Amino acid sequence: MQTDYERLANLNKDYLWNPFTQMKDYITSDPLIIERGEGIKLYDMQGRAYYDGFSSVWLNVHGHNVPELNQAITDQLSQVAHSTLLGMANRPAIELAEKLAKITPRGLNKVFYSDSGATGVEIAIKMAFQYWQNKGVKSKTTFITMNQAYHGDTIGAVSVGAIPLYHDIFRPMLFPSHVIPYPYAYRHEGGEKSALDATLTALRDLLETRAEEIAALIVEPIVQGASGIVTMPLNCLREMAAICRKYDVLLIADEVATGFGRTGAMFACELEDVSPDLMVIGKGLTGGYLPVAATLATDEIYHAFYADYEEQKTFFHGHSFTGNPLGCAVALASLKLMEERNMIEGVEAKAAFVEQKLSNLKDRPHVGDIRQKGLMVGIELVRNKDSREPYEWIERVGVRATQRARELGMLTRPLGNVMVFIPPLASTETELDAMTDILAKSIIDVTEGG
Ligand code: PMP
């Protein structure tokens, strides 16, 4: 007789194709099947507990099974689970739109919903493109992105993506984008200042000659996530925004990963007082509960679409589940909890605690760079600390450190040789203490162990 776990594990292997997963590896492993969550811990089918050290792919805010969030969904369920925003509306979608317009950087007053970060990015790209078309500036049809950028996995988002491992194979089917260097100080000869100069110079040079072809620059503000949690030098975002403004190029801020307190401010753009023309949010919007994303636009952009029907300026875009009432209701409840619990204000002290705990790792022989903004941490592991020689991809040092962390009771997911630590915002100091201990031990065991 097979156990219930064995039954599900076999069904997983027979029927499920897991994302970002080499299934040939996966089907020879014992799949981790999560059965429930409580606070910041997840429990597998065998009852083993794990800290959610990456916030279930960077989105959990308050922990799991949160009574207030559960209640918000239950209350809305007894009203209506779904209806559309195509030509009509619903209460939570309207109230959430007002709330989002109030808490996002100034000028972003119009909210267009979707259901994932990638679709939010598609919408931003299409809006930026059509904005210029509607204004009669027909030549502005291309985009600028940054080296190693990640904006999601749909075709438009991949077209402004620049991570070779994920994106290169699709290149023949994508629209081309301009790529400027990202200021990756640790791997830039000359260090942070020189990396910053290289980025700003490349942007200026490009716009000096080609601004009339370029609709927008898309950027992950302050922290480039999927490339390895790479933080920008101070003032980089502010300067980039100023250059875009000067050359009449829109700025799209992709706050999917950085939004909702993750970096210590509600949105990372606030850290440099930047107000983008379009902003994409997702992940933490619902506290990590349900798939809702949104693209926010300025009044200026909105008004370029606002016209008599015959003028054909309508934005012909929308998804079946756009503005889902359950998702919007839980997003409202999540934002209320964030306010009641002063969660953004709390990030600073928690981040300082994590930073201090991880400073013990600085002297370890294979810890090359520790990068952190708020509760977003990446630890780059290197074979040789002096030369900064990376581990070979095939050595899978990040994967092995992650596996060790799992044995020690914490879940995370590496980015190549970078260990990622992105705990739920609600984590207490005691929990952060335990998680950083596991993080450090897993790194030391794998890079220094026999
Ligand atoms: N943009 C950024 C900056 C992201 O980090 C991600 C996801 N990690 C996305 C977009 C895509 O979001 P989703 O997975 O919800 O499509």
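1. Strand β10 is covered on both of its faces, with Leu250, Ile252 and Asp254 on one side and Leu251 and Ala253 on the other, all of them buried. Here a residue is buried if 20 or more other C-beta atoms lie within 10 Å of its own, exposed if 12 or fewer do, and partly exposed in between, the C-beta atoms being placed from the backbone. Helices (H or I, at least four residues) and strands (E, at least two) are DSSP runs numbered from the N terminus.

2. On provenance, this is a predicted model, in which local features need pLDDT of at least 70 and side-chain atom pairs count only at pLDDT 80 or more, while totals for chains, interfaces and linings use all residues. Residues are numbered from 1 along each chain as its sequence is written.

3. Leu251 is buried because 25 other C-beta atoms lie within 10 Å. Leaving aside residues up to four places away in sequence, Leu251 touches Ala216, Leu217, Ala241, Cys244, Pro276 and Asp277, where contact requires C-beta atoms, placed from the backbone, within 7 Å. The C-alpha atoms of Leu251 and Ala124 are separated by 10.0 Å, although the two residues are 127 apart along the chain.

4. Strand β7 (residues 214-219) pairs with β10 in the parallel sense over four bridges, and Ile218 stands opposite Ile252 in β10. Strand β10 (residues 250-254) is also joined to β11 by three bridges, again running parallel, with Leu278 as the bridge partner of Ile252 and Met279 opposite Ala253.

5. Strand β11 (residues 278-281) sends Leu278 and Val280 one way and Met279 and Ile281 the other way, and all are buried.

6. Helix α5 (residues 91-103) has 13 residues and reaches 19 Å from its first C-alpha to its last, close to the 18 Å expected at 1.5 Å a residue, the expected span being 1.5 Å times one less than the number of residues. Pro92, Ala93, Leu96, Ala97 and Leu100 are buried in α5. Seen down the axis of α5, these buried residues fall within an arc of 130°, so they line one face of the helix; the arc is that of the directions from the helix axis to the C-beta atoms. The buried residues of α5 pack against α4 (67-77), β4 (108-114), β12 (293-298) and α12 (325-340), whereas Glu98 and Lys102, on the other side of α5, are exposed.

7. The ligand is surrounded by 14 residues, of which the closest are Gly117, Ala118, Gly152, Val256 and Ala257; a residue is near the molecule if its C-beta atom, placed from the backbone, lies within 6 Å of it. Helix α6 (residues 117-134) supplies the largest share of this shell, three residues. By class, the shell divides into six nonpolar, six polar and two charged residues, with Ala, Val, Leu, Ile, Met, Phe, Trp, Tyr, Cys and Pro counted as nonpolar, Asp, Glu, Lys and Arg as charged, and the others, Gly among them, as polar.

8. An open sheet of four strands has the order β1-β2-β3-β16 and mixed pairing. Its edge strands, each pairing on one side only, are β1 (34-38) and β16 (410-411).

Key
Pairing = 2+ DSSP bridges. Contact = placed C-beta atoms within 7 Å.
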